[in-house]
Amino acid sequence: MVNNARTRTTQAPVDPAPGRRARQRGVAAVEFAVILPVLLVLLAFPIIFGRAFMHYSVAQKAAHDAARYLSSIPLVEMQDPTRVSEAEAIARQIVADETAELNPGHGFPVNVTVQCDSLACGFGLPAVVTVSVRMRMFDDYFNDLTWMVVGEEGISLRANVSMAYVGN
């Protein structure tokens, strides 16, 4: 009897469940379809709060620039009510220019409050100049989700900056 190794044929391993692969073909797609809404919601919240932080940072910078301008105007202008109102208008314009690209309001304006020693400016030498910027942020990308979380009023942001008056 001749044992010839070349003539042997190797057989493929036998699949214990031949129909199993055919039944599992779409399982990954179904699992992805089920988990996708949860992933989108989890992704939406950091984006919404990231945009809110960006709006707040811009409002803080605008309030800082306006307070810096007001704290450095000459004392003669600070004591004259008409010149103070012009300086306040310039400070408000600084805030409006810096927040213009945000489109924060959907009809809600950016409110700017200017105070000198917690009073209106123009009544003597102030020690501290304070600028407050208030705005509402609406998310254009996740609008429905934002409304579910914070309501129709949007996210309310407020930035306050106080600076010592140095314009002597």
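This is a short tour of side-chain contacts in a predicted model.

**Stop 1**

Select residues 27-71. This run is helix α2. Now show the side chains of Lys 61 and Asp 65. They meet in a salt bridge, with N to O at 3.0 Å. The two residues sit four apart in helix α2, about one turn of the helix.

Is Asp 65 buried or exposed? Asp 65 counts as buried, at 17% relative accessibility. The cut-off for buried is under 20%. Lys 61 is partly exposed, and its relative accessible area is 46%.

**Stop 2: the aromatic pair in helix α2**

Stay on helix α2 and select Phe 45 and Phe 49. They are four residues apart, about one turn of the helix. The structure holds one aromatic pair. Its rings, those of Phe 45 and Phe 49, have centres 6.5 Å apart. Their planes lie at 15°, so the pair counts as stacked. The cut-off for stacked is under 30 degrees.

Check the surface again. Phe 45 is partly exposed, with a relative accessible area of 27%. Phe 49 is also partly exposed, at 47%.

**Stop 3**

Move on to residues 81-99, which form helix α4. Show Glu 88 and Arg 92. Which contact do their side chains make? They meet in a salt bridge, with N to O at 3.7 Å. That value falls within the 4 Å limit, so the contact qualifies. Glu 88 and Arg 92 are four residues apart, about one turn of helix α4.

Glu 88 is buried, with a relative accessible area of 15%. Arg 92 counts as partly exposed, at 34% relative accessibility. With this contact and the one between Lys 61 and Asp 65, the salt-bridge count comes to two.

**Stop 4: the disulfide**

Select Cys 116 and Cys 121. A disulfide joins them, with S to S at 1.8 Å. How many disulfides are counted in the model? The count comes to one.

Now look along the S-S bond. The torsion about the bond is about 85°, so the disulfide is right-handed. Cys 116 and Cys 121 are both buried.

**To revisit**

Key: Residues numbered from 1 in each chain as written. Predicted model: local features only at pLDDT ≥ 70, side-chain atom pairs only at ≥ 80, totals over all residues. Heavy atoms only, no water. Buried < 20%, exposed > 50% of the residue type's maximum accessible area, 1.4 Å probe, protein only. Phe/Tyr/Trp six-rings, centres within 6.5 Å; stacked < 30°, edge-to-face > 60°. Disulfide = S-S within 2.5 Å.
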